[in-house]
Amino acid sequence: TDDFEEINSNPNAPEAVSANLLTATATSEIVRTLTQEGYSDGNTITQLMAKNNFPGFGQFEWGDQGLWNFFYQILPEVNDILEISRTEGTKNSTYEGIALSLRALCFANLTDLYNNVPYTEALVGKSEGVFTPKYDDQETIYNGILADLAEADAVLSKGQPITGATGDVIYDGDASKWRKLANSLRLRYLLRISKQRDVSAEMQAIVNDGNYITTNDDNATLTFSGTSNTDSWPESTGRIGGFDEKSLCTTGLEYLTRFNDPRLDIWFDRNSNGEYVGIPIGLNQDNARAYDDANSPSRLDVELFYFSRTEAEAFVIKSSEVYFILAEAAERGFISGDAETFYNEGIRQSMKYWGVTDDAVIDTYLAQPSVAYNGSVELLMTQKTLALWNVDYQGWFDYRRTGLPALEAGPDNENQGRYPVRFLYPSSEQTLNGVNYKAAVESIGGDNINSKGWWETGSRY
Amino acid sequence: QTNFTGTVLDENNMPLPGASLVIKGSATGVAADFDGNFSIELPQGNEILVVSYLGYIPSEFNTSGKTTATIVLQPNSEQLDEVVVTALGIKREAKKLAYSVQKVSGDDLSEAKETNVVNSLSGKLAGVQVTGGNSGVGSSSQIIIRGESSLNPSPNANSPLFVVDGIPINNSVNSRGSENNMEVDYGNGAQDINPDDIETMNVLKGPSATALYGSRGANGVILITTKSGKNKKGLGVSYTNNTTFESILTFPEYQYEYGQGSNGQFAFGDGGQNRSITGGVNDHVDESWGPALNGQLIAQHDSPTTSGLLAGDVHVRPRNADGTFSDEIIATPFLSRPGNIKSFFETGHTISNNIALTGGNEFGNFRLSFTDLKSEGIVPNTDYNRRSYALNGSYQLAEWFKISGSMNYINSNSGNRPVNSYGTENIMYLWVWFGQQVDMNSLRNYWQPGLEGVQQYNYNYNYHDNPYFNVYENTNSFDKDRVITNMRADIKLAKGLDFMFRTGFDYADEVDMRKRAYSTQRFPKGQYREDYIYSFEQNTDFLLGYNTTFHEDFDLAVSFGGNNRTFKSSYQRITANSLSIPGIYNFGNTAEPLTSSDYDDKKEVNSLYAFANLGFKDYLFLDVTGRNDWSSTLPLENSSYFYPSAGLSLILSDMFNLPQSVSFAKLRAGWASVGNDTDPYNLLPTYGFGTTFNGFSRVNSPSELKLPELKPERTNSFEIGTDLRFFGSRLGLDIAVYRSITENQIISLPVSNTSGYNQRVINAGKVQNEGLEITVNATPVKTKNFAWNTNINFTSNRGEISELTDGLDFYQIKENYLIVGAEVGEKMGDLYGTGFVEVTDANSPHFGQWIINQDTGLPSRDSELRNLGNYNPDFMVGLQNSFRYKNLNLGVLFDWRQGGVYHSRTVSIGGTTGLLDFTTEGRESGIVAEGVINTGTEENPVYVENTINVPASSYYATVYNRSNEETTMYDATYVKLREVKLGYNFPKKLFDRSPITSASISFVGRNLALWTENPHVDPETISFSGGTVVPGVEDMALPSTRSYGINLNIEF
């Protein structure tokens, strides 16, 4: 028995690793998943896209949609990066800033999608022995998110370089760019809670500092290398049937035709009659198939979104979104500056990102009466929705906050005509964290898709 | 004094070496030699010899007037002195044991042969539950003795230990690689054992019987003794052929009235790849809600085109610049095709040939055996083959020194094993999503012309693979070499003092290869993967035993022994996720970086043990054992653990004068406490390797929190039983009642992932199993020419979770659609899932009815988990009858399982897709869902009968919705006609002038008939999920089969 300890020492896997290996996992999985979600369900809930087969999501036949598990299972990597970046000997403020930014991003998504979630007691199974963490309310979580991002801004400002492989698939360890990302996220989340809280000072301070994403070059994007299924555009590795289930939605078609928008041709294919045709969301299976047969709705662009492994990118936040945030903030008087200028720049950045590079073409587009800014928040939000194509669920969060642009439930929806505002908690929480789950359900007014969160019920506007 | 010589033979005229011959009324006697020969001096007037041999009826032989004789002993069918093999391979008289040992003889296994020997135990033994796998010949079988006691989700956690000739062997279930829908069952370890080489199987149930195996015996032990050349003189040759055919026993009942499509509409365009360009009506839909199959003309995948191709040749048909086809499809009749799907299947067959040579002389003996088994499954191009080479021998080097050993080499392989579980790779999946107009024959040529090897031909291109393409091109092969061997020396140190030393190992080396062709749905550029699995376990043990008799009435046997167990295994997987050149399956042909994974483990356990058997007057027997293990997998401070056992056996019929009708009566009681260790590396969490991403290496944080202070598990058990025989043992009754409590279980507890971990290893849980086992043996008729034997065994077990851990009252053991959960105070095997919103007010006349959503006219799913029943049976009964008339014998075995439930995924999906027979109801008229509508408020409901008529497709899509498991829960009760054997022993005189010594033929059938609730699938089912076996779920199981055939045996 003398050699038992040696026999039982694990030769297969390490007990400790360096930050770059975890950063590679966290950055790639988070960005990829966010965009994969945005491409399918995010675009559907904002009605840019609708399913012609298996249309349950558009009928609001919802469960937990899998994102709970995704975020809580990637957060340990993020936490480990943070711990390593703060440990003597492996200290690195850039990794620390990356981890803080990613932690904020994950928890913001969790609370925006599910409302109350475990936060203050989350992820401390090992350190504190808590395996059934309590759920925190959305306000508490947002306080934490904003604090993390402010701290990220502070540590990233040190600009400490990372030597060797960074593992960072977004910015390859560039601290200044991560700082811009952190501040852009701060702008996003401050605006999100602005119905509940006066955020003007904080937003203005960030704008004044100017360390946020202002050009497409600074975008937090992931370009797939396409060397394997893993690092390829996810849809390109699936069955053609999965791709073919997605069509242009009538609502999105209406926006894009109203604006005479070149992005229609970039994102969608014409049908056999050479036309762009949409399909409404919220049809049931039979009706969706019947509609599909009768009208032949347009598919998504097959070259861009199916056949190419590398052309479509994944992203967290792009310059266009930041300008639309600023436009709305200016319009509402949270920050100084001209809303129209921000609005126009938001459109310009989005057009350029999607390949409309000719400024003259964009100028002509902006000059159209249907596009030209007139102070209407609805117009602003409609353009923002288009700019949020493929950006996880940000368009839906904006809709839930502002009600703009107005969205109607489809004819065969299973939610009595109501537009849903959250996903359900995963059933595993019922069995594994039952007491806290019940308390949370009680506190949010029921584990159903209509229980509104804190930031969408504010009354400041 | 006269000298008397003779030979003692058994009923087959084989010598009985060592048979004892004692002069009646004296202590004088001799033992027969190896050939059964003896010579004895008889004193005058003493002419009676008492001849005895263990397991045979003692006989008195009158020598008067003779100087030589052949004495034939008859086996003791009453088995009062039956000898059974107990723990550590020690042979003991059954009557002395404080527990029951059940024995299955090799003949029982090899006649109506199961390729997987575990299946042969089904229905034959009380307390033993066998569930056969669902992927044809070569599938894993699960065996559970006295209920599940472990909360560990591993498929092997509740498996008994298998021991071959004293050497523990690996019985782990091998189902790796669930990713990309490639869940393949490569069988359980014990199925490598060749039934032709088995002399006996002894089943030790419960810790009292298995305490000497300690850690590993908690779930029971199956001791397999292989055949030897013992008791054989000269050379003997035997030849056995077993040829059986397998045909479908249960098959989903499909509808044949409606074809592919939706809303009654269908026309083939391009099979669903891009219908916004190529037209087609609902041809992307892989369901059968299409037009009625009335022979009307509709464009179909196998309709010809004006370009001379088939419509389905979409990659070679001529196209215009805009992507539309330039040829036209010539519509063909839309026809009903009853039996279409079934026509894909073939009659399977299994041919097994065994030849065995035995021989021996007074010093030694040997047996050499070779068996070749070839089997082809009911799924085309699937097979299972096994070659077994067995050598067994012993040699008496000196009177005090004997050596023996055995070696089994087994090669098993398959060119293709069917894929299990849900997903495109399983052919059963292809037929819960299907167009019922599709003619199976139209899919036989599965390449598009000119694109052979590159692009398959199919009826649908957006979700599915052609089933023939699936089974002929996308194969899952394996090739496994296994050696099980032991060497043993027995030394007589002094009178009554014996020493045994033994070492042996079980070595297995396996390569699995998965090939995926170009154009496979999940692998458009093909794939090639190899898995290497190696395992090696060596056990070395010794035993020192001393026997003595004192004070006349006392027999004492004490033993002391030790064991070293060394286990190593490794697993390696390499995958080329896409191929440069189609059809070349070589890693050099990879089109992208190879991915791989690798795992090695090692474990060592040292043990010391001692035991004593004390007998008084041959009617009171006391057994005491103690064993201590030291395991490398536990923390050093907890690595040593001790477990004792004690048992008492009382032969009442020898103690007291019982009525004559009672031939034998015994009471027994046993108590044992055993410990258990864990898997290697369960003490510290580690990071996992991920695939590279954009050139960066990736790792994952540990998802399982380990426990550095792990303690060994503990099982305490108590059992009492009785063995009663009446009327000259014509009627026998064996009853056992037991209770076992397993606590401090080492389990990987699923925890809320919000804690940062998915699982944590803890010591927790207390599971109590209680059960009753009854075996009745009767011989109602016994005459010279006719005999009828009947055996009924009854098994009932309840496992209850009495404790988990502080603050935890529910534990999710495993999940496959349904959650197998352990709730404090509830039973083991409870299944949790979801159902529809129902009226929950017990006082309402509508209590339990669905509440229909008045907008949709359909019930709505309630996301709250509910208990949907338990997968364990209430009880099981095996009924075995055998009849003998002269040389003819007939055996019939029924297997009855009562109670328990299971979820049928086949019915769930086949219901939503309009494939199964019941979905024709309401297709024309629509359906009104049974249920009520709440016209009041939520607080004050007013229920009225639902009257909303909805289209059948919507109705079935909602009611059979796969995430709502309650609709497709079925009663798992069944009765199976498990086995029928009709045999004939050719009379010996037929072979008087030939070298043949005996010959027999039998007609055998297994699983011939089934009676159960759900007509679509076999309720004897287990599913695989991520390498874990999940009972209570039928997940796209292959049809179960019946088999029938001939067994021929000739001996020379």
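The model shown in every view is predicted.

**View 1. Helices H15(A) and H17(A) run roughly parallel.**
H15 of chain A covers residues 339-353, and H17 of chain A covers residues 377-387. Their axes come within 10 Å. They cross at roughly 20°. This angle is under 35 degrees, so H15(A) and H17(A) count as roughly parallel. The crossing of the two helices is left-handed. Which residues meet here? H15(A) brings Tyr343(A), Gly346(A), Ile347(A) and Ser350(A). H17(A) brings Leu380(A), Gln383(A), Lys384(A) and Ala387(A). By class, the residues of this contact are four nonpolar, three polar and one charged.

**View 2. Helices H2(A) and H3(A) cross at roughly 150°.**
H2 spans residues 19-45 of chain A, and H3 spans residues 67-86 of chain A. The two axes come within 9 Å. The crossing angle makes H2(A) roughly antiparallel to H3(A). The crossing is left-handed. On the H2(A) side, the contact residues include Ala19(A), Leu22(A), Ala26(A), Ile30(A) and Glu37(A). On the H3(A) side, they include Leu67(A), Phe70(A), Ile74(A), Val78(A) and Ser85(A). The contact holds ten nonpolar, four polar and four charged residues.

**View 3. Strands E26(B), E27(B) and E28(B) are joined by antiparallel pairing.**
Start with E26, residues 523-550 of chain B, and E27, residues 554-576 of chain B. How many bridges join E26(B) to E27(B)? There are 23. One residue pair to find is Asn547(B), which stands opposite Ala557(B) in E27(B). The hairpin of E26(B) and E27(B) has three residues between the strands. In this hairpin, His551(B) takes a positive phi near 45°. Now move on to E28(B). E27(B) and E28(B) are joined by 22 bridges. Here, Thr575(B) has Thr595(B) of E28(B) as its bridge partner.

**View 4. Four strands of chain B form an open sheet.**
The strand order is E3-E2-E5-E6, with antiparallel pairing. Which strands stand at the edges? They are E3(B), residues 29-31, and E6(B), residues 59-62. Each edge strand has a single partner strand, so one side of each is left without a neighbour in the sheet. From one strand to the next, the twist averages 25°. E5(B), residues 48-52, is joined to E6(B) by four bridges. Within that pair, Val50(B) has Glu60(B) of E6(B) as its bridge partner.

**View 5. Chain B touches chain A.**
In this contact, 74 residues of chain B meet 70 residues of chain A. Several elements of chain B each supply at least two residues to the side that touches chain A. Among them are helix H3(B) (275-278), strand E39(B) (810-816), strand E44(B) (861-870) and helix H8(B) (952-959). Which element gives the largest share? It is E28(B), with six residues. The chain B side divides into 26 nonpolar, 39 polar and nine charged residues.

**View 6. The predictor attaches confidence scores to the complex.**
The complex has an ipTM of 0.95 and a pTM of 0.88. For chain B, the mean pLDDT is 90. In that chain, 98% of residues reach 70 or more.

Definitions and conventions
Residues are numbered from 1 along each chain as its sequence is written. Chains are lettered from A and ligands numbered from 1 in the order in which they are written. This is a predicted model: local features need pLDDT of at least 70, side-chain atom pairs count only at pLDDT 80 or more; totals for chains, interfaces and linings use all residues. Two residues are in contact if their C-beta atoms, placed from the backbone, lie within 7 Å. Ala, Val, Leu, Ile, Met, Phe, Trp, Tyr, Cys and Pro count as nonpolar, Asp, Glu, Lys and Arg as charged, and the others, Gly among them, as polar. Two strands pair if DSSP finds at least two bridges between them. Axes are lines fitted to C-alpha atoms, for helices over the stretch in contact, and angles run from 0 to 180 degrees between N-to-C directions. Angles under 35 degrees count as roughly parallel, over 145 as roughly antiparallel, 65 to 115 as roughly perpendicular and the rest as oblique. A crossing is left-handed if the near helix is turned anticlockwise from the far one by less than a right angle, and right-handed if clockwise. pLDDT is the predictor's confidence in each residue, from 0 to 100.
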